Amino acid sequence: MKTNYLKIGLLSLGCGFLLFVSCKEEAYDVPKAKDGLQNDIIKRSLGPNVAGSTLDFAYAAAILPDQGKLTSISVEASIVGDEGTMLENKSYATSSTGADVGVVVGDPATVNGNSMEVKFTKDTSASTLRYSYKIPAAAKGKAVTFTFRAKASNGQEITLKTEAYAIRNMDMALDLTGKDGAACFFSVADLKWYTAAEAAANPDKIDFVYLYRALPTVTYAHSLVAPTADTGYFPSFTLPAGLTNKTKIVKAWTVRDQQLARLQYSVFVDDMDLEDKSFADAPDFAINLKAEAGIWVQTADGKYNAYVFVNSVNNTTKEMKISVKRLQVK
């Protein structure tokens, strides 16, 4: 028995030693930097590419210090961007606390047609610049590509062309404020609020009316109502003559589109959502709307489908701020 225990003990000790050896951490070798000028890119923006929004990139270029320094970084868009398109002249890095820290490394970007270029004024061998492309209306239904270039003092040049980014056909308008009793008549075609006088002059353009009422018997509050709705949905309100659009309206309590809300949500209304939305048996009113709720809308002529997000409501000033995605479907 003793011999057996001794054998078992020695075997256990041997296994333990092997386990210790096998679990010993191997030394970490820092990857060796590649020779020559190198580059890479990250797309920072999310969601559908809509005219008026931005495509955001971070472009990095580097070269070994003993081989040269960066002299310039440029980007060329296949379609000229709208005003607000910019290539920053700051190189960004992330601090130990997770904050983005930017350091000026060159002159402000110069613009030449479709291209923007930053020429370096700081002695640097590695840099990450941010590029923000404001999508123009002219790009709707098309695709846009970007060619990034970096140059070094040793004469080397490197390019990186992105994939083609499809630009949606929809339109988007942000932060449009309607006020009860004032600019409370909304046009989906024009993406704007009208006053009563303006609505009377353009009756065929008005798709719904904003009203706020604190009623004792019905929870009405902030409401969007088509001109054809029953008069009971227009308490203490007289419509201008000639407003006859029977707009179809469907409530949406949980569709918090990130591009319209600009909050933490990861929800995006896309062209397909607007194309495929059913309005069968849809009413022509939506009462008691809350902030961060919304409505799906189809205009009376069937020309436009839209999603309207309620950014905020104010009981005191009797106002509603909305943001809209709209698609022509007919």
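Which residues form one aromatic cluster? The cluster consists of Phe57, Tyr59, Tyr131, Tyr133, Phe146, Phe148 and Tyr165. The model is predicted: local features need pLDDT of at least 70, side-chain atom pairs count only at pLDDT 80 or more, and totals for chains, interfaces and linings use all residues. Residues are numbered from 1 along each chain as its sequence is written, and side-chain values use heavy atoms, with hydrogens and water left out.

The chain as a whole comes first. It contains four helices and 23 strands. Both are DSSP runs numbered from the N terminus, with helices (H or I) of at least four residues and strands (E) of at least two. The radius of gyration of the chain is 30 Å, whereas a compact globule of 330 residues would have a value near 20 Å. That radius is taken over C-alpha atoms, and the globule rule is 2.2 Å times the number of residues to the power 0.38. Along the principal axes, the C-alpha atoms fill a box of roughly 100 × 75 × 40 Å.

Of the 330 residues, 42% are buried. Buried means under 20% relative accessible area, exposed means over 50%, and partly exposed lies in between (1.4 Å probe, protein chains only). The accessible surface of the chain is about 17,700 Å², and carbon and sulfur atoms hold 53% of that area. Accessible areas come from the Shrake-Rupley method with a 1.4 Å probe; for residues, only the protein chains shown count as cover.

Contacts (heavy atoms within 4.5 Å) were also counted. Among contacts with a separation of 6 or more, 62% join residues 24 or more positions apart.

The structure holds 17 aromatic pairs. Rings of Phe, Tyr and Trp (its six-membered ring) pair if their centres lie within 6.5 Å; planes under 30 degrees apart count as stacked, over 60 as edge-to-face and the rest as tilted. The ring centres of Tyr131 and Phe146 are 5.7 Å apart with planes at 70°, so this pair is edge-to-face. Tyr131 belongs to strand β9 (residues 126-134) and Phe146 to strand β11 (residues 146-152), so the pair ties together parts 15 residues apart in sequence. Both residues are buried: Tyr131 has 3% relative accessibility, and Phe146 has 0%.

Ile42 sits in strand β1 (residues 38-43). It is exposed, at 54% relative accessibility. Tyr59, a member of the aromatic cluster, is 17 residues from Ile42 in sequence and 6.6 Å away, C-alpha to C-alpha. Beyond neighbours within four places in sequence, Ile42 is in contact with Asp56, Phe57 and Ala58.

Gly178 is 31 residues away in sequence, with 9.0 Å between the C-alpha atoms. With neighbours within four places left aside, the contacts of Val209 include Cys184, Phe185, Leu224 and Phe237.

Thr247 occupies the loop between β18 (221-225) and β19 (248-252). At 1% relative accessible area, Thr247 is buried. Its C-alpha atom is 5.6 Å from that of Asp284, a residue 37 positions away in sequence. Asp284 is also one of its contacts, as are Asp207, Pro283 and Val297.

Two residues stand out by backbone angle. Most residues other than glycine have a negative phi. Asn288, however, has a positive phi near 55°, and Glu292 has a positive phi of about 75°. Asn288 is placed in the loop between β20 (285-286) and β21 (294-298). Glu292 lies in the loop between β20 and β21. Asn288 is buried, with 17% relative accessible area, whereas Glu292 is partly exposed at 25%.

Val329 falls in the segment after β23 (319-328). It is partly exposed, with a relative accessible area of 36%. Ala150 is 179 residues away in sequence and 43 Å away in space, C-alpha to C-alpha. Outside the four-place neighbourhood in sequence, Val329 is in contact with Leu274, Glu275, Gly302, Lys303, Tyr304 and Asn305.
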